[in-house]
Amino acid sequence: MSAADASILLVDDHSVVREGYRSVLQKQPGLRVIAEAADGAEAYRLYKSEAPDLVIMDLSMPGIGGIEAIRRIRQWDKGARILIFTMHQNAGFAVQAIRAGARGYVTKTSPPETLVRAVMDVLAGKIAISPDIDHELALSRLGGESSAADVLTAREFEVLRLLLAEKTTDEIAETLHVSPKTVANLHSLIKDKLGVGSDIELVRLALRQGLLTEPDLGEA
């Protein structure tokens, strides 16, 4: 479809951020922001009720993150158009987002015109990646260590994200609507796939691969 009359759902846990890119988008002819959500669960509910033409979504949010939200929305509607707009300048997150079903990935450090161009491309059925992430993707292919983005499924990556955010097994189970036993099994599988024997090694690997920043993963 074109942007002649496109409806948009904005998803970000910071209202100031939503206000900023709502202002940018609504200056473009034909783009209408019809709903806003502050977390992945709300995004999923609003997608089902509002049926927007495009979802623009952050990755790090309270509760279920962007990767899990993409997975749920795409299960509901395989044709959903989702564009990730995030602070994460890491190839691993981009790979996981695209694998889960996102059609674009733009970093918040990109100029406004990059976001607008990505919106138009995704609405036109194209894949849109901001130039800085394109560069990171190229560099990541040169690394020797097993990348979490390459070996984990979208669900496993979301469990890893929550583990790195210091959530307990019970908290993760409640967030993802699965049993604590399932979470424990996934926790073990994640360590096996990444070749680490402990949670300390898991954190070190996440730091090396840029999946966890020193201040806090949840800040972006």
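Helix α5 covers residues 112-123, which makes 12 residues. From its first C-alpha to its last it reaches 17 Å, close to the 16 Å expected at 1.5 Å a residue; the expected span is 1.5 Å times one less than the number of residues. Helices here are DSSP runs of H or I with at least four residues, strands are runs of E with at least two, and both are numbered from the N terminus.

This is a predicted model, in which local features need pLDDT of at least 70, side-chain atom pairs count only at pLDDT 80 or more, and totals for chains, interfaces and linings use all residues. Residues are numbered from 1 along each chain as its sequence is written, and side-chain values use heavy atoms, without hydrogens and water.

Which residues of α5 are buried? They are T114, L115, V116, A118, V119, V122 and L123, where buried means under 20% relative accessible area, exposed over 50%, and partly exposed in between, with a 1.4 Å probe and protein chains only. An α-helix has 3.6 residues a turn, so residues three or four places apart point the same way. Just after α5, G125 takes a positive phi of about 90°.

Let us turn to the loops. Most residues other than glycine have a negative phi. A51, in the loop between α2 (40-50) and β3, has a positive phi near 45° and is exposed, at 52% relative accessible area. E166, in the loop between α8 (154-164) and α9 (169-176), has a positive phi near 65° and is exposed at 70%.

Finally, D58 lies between β3 (54-57) and α3 (66-76), in a loop, and is buried, with a relative accessible area of 0%.
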